[in-house]
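User: I am new to this one, so please take me through it.
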Amino acid sequence: MHRIYVHPLPVRIWHWLNAIGFIAMILTGFQIRYVGMLDVIPFRTAVRVHNWIGFALIANYFIWLGFYATSPQIRCYLPELNPKKFFSGSVRQMRYYCYGMFKGDPNPHQISIYNKFNPMQAMLYQLVMVVLVPVLSYTGVLLWDAQRFSAQVNFFGGVRVVDTVHVLIFIFFVAYILVHPYLGTLGASRTGQYKAMITGYEEVEDAGEAAKSGDAPPGLP
Ligand code: HEM
């Protein structure tokens, strides 16, 4: 076993603030959406907390964006443009998740600093960070003051359309917050990926040249 520096400090700070914030947003989101059926906290308090944390999460997103926009680690988020390579890598990874890992097969993905995600993780995280979080945030800001942003709200078809998009992405994240922590336990060990998101370092099996790496390279915080 050896360890690889996969998550620099800004990513770890962003990630855990984001995780706590999203849980709060989901809980207050339920209260706002199902007022009358759910009465855990007053509606107005839920709206106020939802708005404040929403703006804090938008600010926090810029930690993630600022880091990757200026780091060579951005390669982890670049899409695989060779469809054959992407498809075969995804099928191999899917096969591992569906039965390989239950038989004790090694994970087909070899982690490195600039290739820390397997093809399925990479696709999911691109979708989450480049599309869903920005659209969720943008529709949230429009709904926060639909009067002030009426021109943009009307451009997209009115409050109902903007609200529907916001709620559909909300539903996606309710599922995500249940599945993503489980997928985080499917690394080389149950807790390996969690430790990596806390310390920055992930322990990986020795497997030839591809895995040879080690401490943080110069330039990564
Ligand atoms: C209870 C909440 C959460 C837990 C326990 C959790 C756990 C983890 C763990 C263990 C990892 C490292 C494994 C990996 O890279 O796949 C990770 C990475 C990641 N998580 Fe989460 N997470 C949570 C919430 C969230 C939320 C709400 C989002 C997005 C909205 C999110 C987005 C990500 C992303 C994008 C990465 C990769 C980060 C990077 O290296 O650039 N997570 N998470």
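User: Which residues of α1 are buried?
Analyst: Val-11, Trp-14, Phe-22, Met-25, Thr-28, Gly-29 and Gln-31 of α1 are buried (20 or more other C-beta atoms within 10 Å of their own; 12 or fewer is exposed, in between partly exposed; C-beta atoms are placed from the backbone). Helices (H or I, at least four residues) and strands (E, at least two) are DSSP runs, numbered from the N terminus. The model is predicted: local features need pLDDT of at least 70 and side-chain atom pairs 80 or more, while totals for chains, interfaces and linings use all residues. Numbering starts from 1 along each chain as its sequence is written.

User: What covers those buried residues of α1?
Analyst: The cover includes α2 (43–69) and α6 (159–183), with contact meaning C-beta atoms, placed from the backbone, within 7 Å.

User: Switching topic: how many residues surround the ligand?
Analyst: The ligand has 18 residues around it, and Ala-19, Phe-22, Pro-181, Gly-184 and Gln-193 are the closest (C-beta atom, placed from the backbone, within 6 Å). At least two shell residues come from each of α1, α4 (119–144), α6 and α7 (192–199).

User: And the strands: in which sense do β1 and β2 pair?
Analyst: Strand β1 (residues 2–5) pairs with β2 in the antiparallel sense over four bridges; pairing requires at least two DSSP bridges. His-2 stands opposite Val-204 in β2.

User: Is Met-1 buried or exposed?
Analyst: Met-1 counts as exposed because it has 9 C-beta neighbours inside 10 Å. Met-1 lies in the segment before β1, and its C-alpha atom is 4.6 Å from that of Glu-205, 204 residues apart along the chain.

Key:
Contact = placed C-beta atoms within 7 Å.
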